[in-house]
Structure formats: structure tokens, C-alpha cells
Amino acid sequence: MNVPVTPGTRDLSTNRDHALARFLGIRAQTEALSEPLSPEDQTAQSMPDCSPTKWHRAHTTWFFEEFLLGPQLADYRSFNPDYQFHFNSYYEAVGPRQPRPHRGLITRPSARQVGEYRKAVDRSVTDFLKTQPAELPQQVADVMELGINHEQQHQELLLMDIKHLLSRNRTHPAYAAAPEQSEPRQSKPMNWHDITGGITSIGHSGDGFGFDNEFPRHQVLVPDCQIADRLVTAGDFADFITDGGYRDAQWWLSDGWAWVQNNDAKAPLYWHGDPGNWQLFTLHGSGPLDPAAPVVHVNYYEADAYAHWAGARLPTEAEWEVAAASSSNAAETLALHPAPADDSGDLQQFSGAVWQWTSSPYTAYPGFRPAAGAVGEYNGKFMVDQQVLRGGACITAPGHSRDSYRNFYPAAAQWPFAGLRLARDA
């Protein structure tokens, strides 16, 4: 099967040794993220939208079998043919699969056997690459790059999903010990930066890797507007709650207000306790809410309602991308909870804290065409009833974020590491 080239990957290194080192490093990182978890932790599924850790480990392995080893090696034999059913995610062209809500029922293979599967496929990929020339054929380099970036996406999903699972335990166990506490920061005042409008280009520039939904780069008209220099904090959002935000329909979209009523929503996901004494469950366990840290785990309805209450709105993805291009971002490091903004006057927190809801529906860019074959199912078929998020979260793999990256979730989704940045008309 031909795996189509993702636009932009032509400019990436095709060096065999570089590709192998990156592959092994990313694979080791997935295992390191899984290491704190017991076999029982890795098998359970807390809700239909989440997947077990064991499944993430196996699915990312299946991806290299299905799209690299199988097409490239005529005599390749699958590690276990049953895994093609167990660990296919949504690729209709590849065949039937375990329904997503029932992935937690796959008790066999065990977490240990999934580890053996990963090691076997890692050896096969390594052996295959060593037979290739020093400069990989473009087709091989493209599949390797896509597989590596795909696994980085699942590293983030692994942390999102295990957080939701651990939160279902009344004792709120920690995934990892909390770092040493530094002195609490005061919330940085929110300032507004002017964005000069006009015709500009957004989308992937063509340098380096990009997913297909980031292409093609195209022109858009952006109005004069203003955008906040930092994210909305947990303390900001607590004020919305105290002011009756979840009890006042005027701030909410109709579907959002129905969501509030149907779910008896009173606060973001993982908040518990009472106003004035909010506690927050994180991957470090439960503790007092840090009012200076970005609010996280709000869905689109909550983000939009807060923005209206604050006399502002959510930015479009074009406004967000234009602002991000002039922002100041620190080097990305993996963290399990977002940190407060610093005291600079710069535009900041465009990556490395939380994904940021935009007002833009997830649709195709002008000229977008899904690739032929199964890989073409990667993004295009999901372009309906979802909202675009931009940026990157503290749990996003370092180096994985970029200004053109388009994440997407349904409006009601709370379990992503998502927050918001405000915008307003000039």
C-alpha cells in the first residue's frame, strides 16, 4: 500500500541514523510514561472517550506494523494477527476493530505481552532501517516521521486518559509525586495586545513536518482586534463561578446551557470542594487550587461562557495564529500541570501550558484534499461538529507543538488539557 507524502515532509531529514535514533527515543518515552502504572492501571477504561494505557502502547506499535513493515517487507508476518483487530483505531480501509467504548475489555494480551509486542516491532523496525541506504527513500522517511508524530500524540492522550481514570478513585491517587513547591505566584494582570488586521497567510509554511489538516497555507482576512497576553487563570474562572456563572443562562450557548443542566455542572472537571476552598485533582493527586495557574479542563461551552461573562470572546484560529507568531515562548518541557504566566509584558503561554479553544469550527482549509488510502483517514473525516484548539499543553511532547498545529475536540469534551485565551474586537 502506498503511504502518501504529507506536505512539508520533503524538507525533513531523510538521514537513516537520525530517523532510527528519533524512533527509539520516542518509543522509550512512551514506556517511561507507562512505567509508574500497574497492569491493572493500564487495562481499565474510565469512559468511552478514553483508552487504556495498554491500548495506546499497542496501537502506536500496530501503526508501524501496518504502515511501515507490512508495505515495505514482502515476507513480514504480523506479531499476532489478532492485534490487527484489537489495536486498529478507526481506519476503515484496514478492516474491523474493537469498538472504542470497549477497549477496556481487552484483558488479553496483558500489559506484559504488549511490552513484548513493542520490543519485537522495535527490533523489526531497527533491522529494516539498517538495510536501508544512509539517505532513506522518501517514502520510508515520510512514514517514519508520521509514525513518530502519531506516537507523540498518543503520549499526550495516555496522560489525559490515565488522569481521568485515577480521578474516578475516591482516594485520588497520584500518577507521580509532585515537584517541590515554590513560592506561590500572584496572578499576572491581564493586558491586551493590539493585532493589526489585514490579509495574511495561515497554515503550515512547508518547513518541517505537518499533519495534513495544517495544509495548504492560504490567505485569510483578519480584522483589527486585541488578544490577551496570558491565559485565563483558575482564579479568574473561580470568580465566574462565584458570580453565578453556572446558574445564569445569559452567558451560555443554547447547547452549552443544556449541557450545564443535563450534567448539573458547577465547576470545571477535577475541581471539588466549595467556592473559597476549591481543591483540584491533578496527576500529582489532590491539593489546593492554584489561582495563578491557567484554568484547565474546561470544555468549549465553559470557555465561551466565561469569555462572554468577561466581556470578551474567544479568538478565531486565524487571530490566534497571527498573535502566536509574535509571542514569546519559553523552551518547552514536559510537565504534568500548567504553570502560571511570568511577569513579563510579552504575549506568552501560546504553547506548553494548555490547549486553547478558538471560536473556529474544525473544517478543511481551502484546497485541502485527504490523501489516498488508509492514511487519508487520519484527519479529514473528522471535520464536523468539532472546534479547533491551538497551541499545545504542558503534557504535549516537547518539540511537537507549532503555531500551525490544529487540534480538535467536540464542544462538550472536558478531559483534554484545554483552557482559553480571550480576544475582543478593536
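Which element gives the largest share of the lining of the second largest pocket? The answer is α6, with seven residues.

## Basis

This is a predicted model, in which local features need pLDDT of at least 70 and side-chain atom pairs count only at pLDDT 80 or more, while totals for chains, interfaces and linings use all residues. Residues are numbered from 1 along each chain as its sequence is written, and side-chain values use heavy atoms, without hydrogens and water.

## The pocket

The second largest pocket holds about 830 Å³ of space. A pocket is an open set of points on a 1 Å grid over the protein atoms alone, where a 1.4 Å probe fits, with protein on both sides within 12 Å along at least five of seven lines; lining residues have an atom within 4 Å of a point. The volume is the space filled by probe spheres set on the points, which are joined across faces, edges and corners.

Of its 32 lining residues, Tyr90, Arg100, Leu157, Phe408 and Tyr409 lie nearest the centre. Elements giving two or more residues to this lining are α3 (53–72), α6 and β10 (407–409). Helices (H or I, at least four residues) and strands (E, at least two) are DSSP runs, numbered from the N terminus.

## Two cis bonds

Arg108 and Pro109 are joined by a cis peptide bond with omega about 10°. Pro109 sits in the loop between α4 (83–86) and α5 (111–130).

Another cis peptide bond runs from Phe215 to Pro216, with omega near -10°. Pro216 is in the loop between β2 (198–202) and β3 (218–222).
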